[in-house]
Amino acid sequence: MSKICTLREAISSIEDGAAVAMGCGLESLIPFAAGYEIIRRKKRGLTLVAPISDIQFDQLIGAGSARKIVAAWVGNVAAGLGHNFRRAMEEGIPRPLEVEEHSNFTIALGLKAAGMGLPYLPTRTALGSDFSEAPHFRAITCPFTGERLLAVRAVAPDVAILHVQRADSEGNAHLWGNLGVVREAAYAAKRVILTCEEVVDHEVILSDPNRTLIPGFLVSHVVDAPFGSHPSPTQGYARRDDDFYFDYHRQSRSLEGFQEWLQKWVFGAGDHEGYLDLLGKERREKLKPGRELCSPAVNFSV
Amino acid sequence: MNKVIGLRDVREEIRSGDTIVIGGGGLVRKPMALVEEVIRAGIRDLTVVSVLGGPDVDLLLGAGRVKKLFYAYVGFDFGGPGPNFRRAREENKAEFIEGSEFILISALEAGARGISFMPVRSGLGSDLLRVNSNLQKFVSPFGGEKLVAVKAIRPDVALLHVNSADPTGYGQILGDWFLDPLCAQAAKKTIMSAEKIVDTETIEQRFADTAIVKLWTSKVVEAPGGAGFTSCYPDYPADFVRLKEYLGHARSAETFNAYVEKNAAGQERRVS
């Protein structure tokens with residue numbers, strides 16, 4: 001069954017108030033194109049889930065899409081704090097924000113627990129720190145050793161939006177490079193929306209089975225979105241656009257500046273194609289990897 | 001750092017009474033040269049952790065080197081259950097602790113992560129909770145659900161066989177990795193034999209096949225044919241002639257003792 005659809009169709013399937021995991025590749029593979037479409041479709045009351053999402057969460061917070069953040073960090077990796085996040089936390093602008101605070105490791109464990117169908121996973125981390133007092137953590141005693149451990153409550157998003165290098169029409173996806181907790185998020189969520197650099201034939205996926213890290217049965221929508229992680233990198237397809245992060249940081253310092261940024265890059269662009277036009281061919285060419293660094297082919301024959 | 005040692009030096013790395021976990025699966029990529037060296041060295045009273053046990057565990061049982069066995073399966077795939085395993089189990093020659101594959105994986109995962117247990121849904125409502133003291137019902141602190149806690153296993157030594165390794169301890173596996181990376185992470189020490197030792201540059205060229213990271217590896221042994229008579233894809237298939245010979249000898253304890261004397265405990269290992 002083909003799951004290929006437009007970005008607009010895929011994002012429209014998300015209900016207001018849903019818990020959405022996105023940007024789970026840490027600094028790479030962040031599905032920015034999907035984030036912009038969430039803003040265009042005026043989704044409200046979302047819970048955003050990811051360890052680090054670079055400026056994606058800051059954008060969604062500033063646009064008023066988010067009600068709650070489940071994360072280890074929100075900001076601008078290259079430039080500093082996220083101004084929208086700060087405004088929301090300090091002044092409730094554009095709306096107040098609830099935060100479920102994690103470390104990178106505890107959110108990974110929470111997602112992994114959900115993926116395994118468990119209510120929690122035990123860990124040694126965070127014990128003795130103030131944030132272990134939060135309601136999504138509980139101190140437990142090991143039934144075998146009597147040791148004190150910390151139970152991390154499962155984090156089960158309604159949907160995970162993940163950007164990958166290539167997928168077939170059924171959503172079987174190949175991804176490589178720095179993966180962060182993309183796989184944990186895919187298994188934790190009730191369903192997955194994929195944006196991908198390339199839609200490929202099923203035979204391409206079959207030709208390299210060990211690289212199929214997201215199986216199609218987890219996936220509800222597949223969107224062909226080359227450069228869909230811009231300004232974050234996708235190994236083999238796009239380098240990080242550092243200037244974009246710095247420009248965003250300067251412009252989003254004031255609320256007005258952020259509104260102008262939003263008007264230009266999200267609403268003005270209209271859709272992902274419009275966004276790519278706005279970037280321009282020259283800039284996109286510059287962001288393509290300058291060289292090839294390929295692993296040798298492997299022989300799967302028996 | 002050069003971690004290469006000779007096959008005979010392996011005896012210095014394992015002590016009688018140690019807990020060992022063995023990589024590979026069934027009739028695939030079992031570190032038979034290392035296991036035979038353990039037998040040849042007279043190491044005994046081992047606690048063996050076996051998720052997918054084959055001739056490795058059967059041989060150790062038949063040679064009387066196992067004090068305690070955590071197991072989910074010990075057999076020869078189409079060749080049936082391990083004959084020595086069966087004899088030892090029926091005659092209570094060791095302590096046997098039964099689990100499912102998933103339960104044993106969870107125990108090793110807890111060991112690898114340095115936590116004392118892993119919660120699972122597996123085993124609930126089964127007799128495993130009665131026969132396996134490493135399992136306990138444990139109420140979830142979120143929602144109050146009753147789950148099973150699996151006690152961590154942190155083996156002293158992992159024995160693995162891989163296609164190629166470099167002297168610093170990177171190991172590459174071209175076929176199924178099975179649980180080898182988990183075994184290496186869970187164990188305090190990993191001894192890895194390889195079909196061939198290559199330089200680090202060769203490893204880097206095919207980084208995606210690097211199953212074992214040097215951080216986990218203590219010693220590297222060059223042992224061409226070191227998985228025989230089990231298979232080591234794509235270097236060689238299982239040797240069914242030697243497999244049949246093994247099963248023939250294993251029919252009785254007496255004939256198997258003679259086989260151990262000749263093949264495993266003998267001077268030199270045959271390398272194919």
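Me: Why is B:Glu195 counted as buried in this structure?

Reply: In this predicted model, B:Glu195 has a relative accessibility of 11%, and because buried means under 20% relative accessible area, B:Glu195 counts as buried. The residue is found in strand S11 of chain B, which covers residues 189-197. Leaving aside neighbours within four places in sequence, B:Glu195 is in contact with residues including B:His161, B:Asn163, B:Glu222, B:Cys232 and B:Tyr236.

Me: What makes A:Gln165 buried or exposed?

Reply: A:Gln165 has 0% relative accessibility, and since the word buried applies under 20%, A:Gln165 counts as buried. A:Gln165 lies in strand S10 of chain A, residues 159-167, and, not counting residues up to four places away in sequence, A:Gln165 touches A:Leu29, A:Trp176, A:Cys196 and A:Tyr237, among others.

Me: What else describes the interface of chain B and chain A?

Reply: The two chains bury about 2400 Å² between them, with 69% of that area on carbon and sulfur atoms. In terms of contact, 29 residues of chain B meet 33 residues of chain A, and six residue pairs across this interface are in polar contact, both residues being at pLDDT 80 or more.

Me: Why are S8(A) and S9(A) said to pair?

Reply: Five bridges join strand S8 of chain A (residues 137-141) to S9(A), and because pairing needs at least two bridges, the two strands count as paired, running antiparallel. One of the facing positions is A:Thr141, which stands opposite A:Arg148 in S9(A). S8(A) and S9(A) form a hairpin with six residues between them, and in the turn A:Gly146 has a positive phi of about 75 degrees.

Me: What makes S7 of chain A a partner of S9 of chain A as well?

Reply: Four bridges join strand S7 (residues 120-123) to strand S9 (residues 148-153) of chain A, and since at least two are needed, these antiparallel strands also pair. Here A:Leu121 has A:Val152 in S9(A) as its bridge partner.

Me: Which parts make up the domains of chain B, and how many Å separate their centres?

Reply: The assignment divides chain B into domain 1 (4-101 + 154-257) and domain 2 (115-151), with centres, taken over C-alpha atoms, separated by 29 Å. Five residues from domain 1 of chain B and four residues from domain 2 of chain B take part in the contact. The area buried between these domains is about 380 Å², of which carbon and sulfur atoms give 53%. In domain 1 of chain B, the residues B:Ile97, B:Glu98 and B:Ser100 lose the most area to domain 2 of chain B, together 73% of what that side buries.

Definitions and conventions:
Residues are numbered from 1 along each chain as its sequence is written. Chains are lettered from A and ligands numbered from 1 in the order in which they are written. This is a predicted model: local features need pLDDT of at least 70, side-chain atom pairs count only at pLDDT 80 or more; totals for chains, interfaces and linings use all residues. Side-chain values use heavy atoms; hydrogens and water are left out. Buried means under 20% relative accessible area, exposed over 50%, partly exposed in between (1.4 Å probe, protein chains only). Contact means heavy atoms within 4.5 Å. Buried area is the accessible area (1.4 Å probe) that two parts lose on being put together, summed over both. A polar contact is a pair of N or O atoms within 3.5 Å; within protein, one must be able to donate a hydrogen and the other to accept it, and residues adjacent in sequence count only if both atoms are side-chain atoms. Domain bounds come from an automatic or database domain assignment.
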